[in-house]
Amino acid sequence: MKPALRNSEPLLDDIDRQLLCLLQENSRMSSAELARRVNLSAPGLQKRLKKLEESGVIGRYVTLVNREALGLDLLCFAQVTLAHHQPDCVGQFCDRVKGLPEVLECHHLSGEFDYLLKVVVANHQHLEKFLSEKITRIPGVDRIRTSIVLNEIKASTSLPLD
């Protein structure tokens with residue numbers, strides 16, 4: 001049995017880890033199938049899932065949508081530097097970015113750039129419009145460097161539980 005990453009999180013046993021691995025593969029797996037795979041009764045399974053949900057280990061259940069099937073063919077990373085780092089400027093940037101549907105992820109960084117945005121758009125024209133009409137118009141944005149993904153080598157939402 002390995003401890004969870006933070007001291008406040010509960011310890012996970014092997015059955016919890018098996019459940020999490022199975023759910024990360026397919027969150028639509030039936031309760032009966034999950035219980036069978038980890039050798040638990042239906043009530044035992046529900047008790048464990050509830051514990052994992054209440055403790056925050058399971059945050060939510062989602063459906064992963066194929067972006068290319070929806071015509072969102074261009075995946076990009078935009079590195080953003082702010083001109084000022086006053087709390088108001090930083091807060092306004094974060095609030096505005098949270099409201100942009102094209103931004104899948106936003107990470108505050110150390111180093112040369114302040115933020116890394118994972119962005120999905122339909123094409124080059126959509127990217128240009130997104131950058132010029134949305135990102136550059138956020139007060140305090142000083143510099144943007146954008147990289148277009150040529151090929152996704154690995155894209156996973158599964159956390160390592162070994």
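Modeller: Helices (at least four residues) and strands (at least two) are DSSP runs, numbered from the N terminus. Please bear in mind that this is a predicted model.

Biologist: In what order do the elements of the chain run from the N terminus on?

Modeller: The chain has 5 helices and 4 strands. Read from the N terminus, their order is α-α-α-β-α-β-β-α-β.

Biologist: What is the radius of gyration of the chain, and how does it stand against the globule rule?

Modeller: For 162 residues the globule rule gives 15 Å, and the chain lies well over that, so it is more spread out than a compact globule. Along the principal axes, the C-alpha atoms fill a box of roughly 55 × 40 × 25 Å. The radius of gyration of the chain is 20 Å.

Biologist: What share of the residues counts as buried?

Modeller: The accessible surface of the chain comes to about 11,200 Å², and 51% of that surface belongs to carbon and sulfur atoms. A residue is buried when its relative accessible area is under 20%. Of the 162 residues, the buried share is 28%.

Biologist: How far apart are the mean positions of the positive and negative charges?

Modeller: The chain carries 21 positive and 21 negative charges. The separation between their mean positions is 4 Å.

Biologist: How many disulfides does the structure hold?

Modeller: A disulfide requires two cysteine sulfur atoms within 2.5 Å. For Cys 89, the nearest cysteine sulfur is that of Cys 94, at 9.5 Å, and Cys 89 is in no disulfide. The number of disulfides in the structure is 0.

Biologist: Is Cys 89 buried or exposed?

Modeller: The cut-off for a buried residue is under 20% relative accessible area. Cys 21, with 31%, is partly exposed. Cys 89 has a relative accessible area of 12%, so the term for Cys 89 is buried.

Biologist: Which residues does Ala 35 touch, not counting those up to four places away in sequence?

Modeller: Ala 35 is placed in helix H2, residues 31-38. With a relative accessible area of 6%, Ala 35 is buried. The residues that Ala 35 touches beyond four places in sequence are Leu 40, Ser 41, Ala 42 and Leu 45.

Biologist: Where is Asn 39 found, and what is its phi near?

Modeller: Asn 39 sits in the loop between H2 and helix H3 (42-54). At 69% relative accessibility, Asn 39 counts as exposed. Its phi is positive although the residue is not glycine, with a value near 60 degrees.

Biologist: With which residues is Thr 81 in contact, leaving aside neighbours within four places in sequence?

Modeller: Thr 81 belongs to strand S1, residues 74-82. Its relative accessibility is 9%, and Thr 81 therefore counts as buried. Apart from those neighbours, the contacts of Thr 81 are Glu 112, Phe 113, Asp 114, Gly 140, Val 141, Asp 142 and Arg 143.

Biologist: What distance separates the C-alpha atoms of Leu 150 and Cys 76?

Modeller: Leu 150 lies in the segment after strand S4 (141-148), and at 85% relative accessibility Leu 150 counts as exposed. Leu 150 and Cys 76 are 74 residues apart along the chain. Their C-alpha atoms are separated by 9.0 Å.

Key
Residues numbered from 1 in each chain as written. Predicted model: local features only at pLDDT ≥ 70, side-chain atom pairs only at ≥ 80, totals over all residues. Heavy atoms only, no water. Buried < 20%, exposed > 50% of the residue type's maximum accessible area, 1.4 Å probe, protein only. Contact = heavy atoms within 4.5 Å. Rg over C-alpha atoms; globule rule 2.2 N^0.38 Å. Areas by Shrake-Rupley, 256 points an atom, 1.4 Å probe, with all protein chains shown as cover. Lys, Arg positive; Asp, Glu negative; His and termini not counted. Charge placed at Lys NZ, Arg CZ, Asp CG, Glu CD.
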